[in-house]
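Hello,

Here is the structure I said I would send. My notes on it follow below.

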Amino acid sequence: VQLQASGGGLVQSGGSLRLSCAASGRIFSSSIMGWFRQAPGKEREFVAAIRWGTGRTYYADSVKGRFTISKDGAKNTVNLQMNSLTPEDTAVYYCGKTTYYSTDHAGYGFWGQGTLVTVST
C-alpha cells in the first residue's frame, strides 16, 4: 500500500482545510489509518486515527472538537477536516497505516509524502 497526502496550503487563523490521504492498494478492515503532523524541530505527533472496519475514531486532545477524521471506502481515502485552525497547527501532515492502534508514529508504516499546512495570524 502506498499513501499520498494532499490538500495542504496556506490559511488564516480561524480558517479551515480538508486533507485527503489516498491509498493505492486495498485497505483491510483490520487496518487503522492515522494522521500525524510534524512541525519544524519537533517530533512527529499524533493527530487522529480511524479504524477502517468499524469507523471508530481517535483524536489528540489538541484537536478534539476542531478536527474530524473520516473514511471513504469507495475512494480508498481517509480525510481530515480541520476547522478553527491556529498557527500552532502549522506542520507537515502525514498519513500512515497500522494494524494495532497507537498514538506513537513508530507503530505506523506506509508513510507517504506529507502535505504542508501553514496557518497565518
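Which residues of strand E3 (residues 17–23) lie on its covered face, and which on its uncovered one? The covered face holds Leu17, Leu19, Cys21 and Ala23, while Arg18, Ser20 and Ala22 make up the uncovered face. Please keep in mind that this is a predicted model.

E3 has pairing partners in E1 and E8.
- Strand E1 (residues 3–6) pairs with E3 in the antiparallel sense, over four bridges. Within this pairing, Ala23 of E3 is the bridge partner of Leu3.
- Strand E8 (residues 77–82) also runs antiparallel to E3, and six bridges join them. Here Ala22 stands opposite Thr77.

Thr77 belongs to strand E8. Thr77 counts as buried because its relative accessibility is 11%, under the 20% cut-off. Leaving aside residues up to four places away in sequence, Thr77 touches Cys21 and Ala22, along with Trp52, Ser70, Lys71 and Asp72.

Two loop residues have backbone angles to look at. Most residues other than glycine have a negative phi. Asn76, in the loop between strand E7 (67–72) and E8, has a positive phi near 55°. Asn76 counts as buried, at 18% relative accessibility. Ser84 is in the loop between E8 and strand E9 (91–98). Ser84 is not a glycine either, yet its phi is positive, at about 50°. With a relative accessible area of 40%, Ser84 is partly exposed.

Regards

Note on methods. Residues are numbered from 1 along each chain as its sequence is written. This is a predicted model: local features need pLDDT of at least 70, side-chain atom pairs count only at pLDDT 80 or more; totals for chains, interfaces and linings use all residues. Side-chain values use heavy atoms; hydrogens and water are left out. Buried means under 20% relative accessible area, exposed over 50%, partly exposed in between (1.4 Å probe, protein chains only). Two strands pair if DSSP finds at least two bridges between them. Contact means heavy atoms within 4.5 Å.
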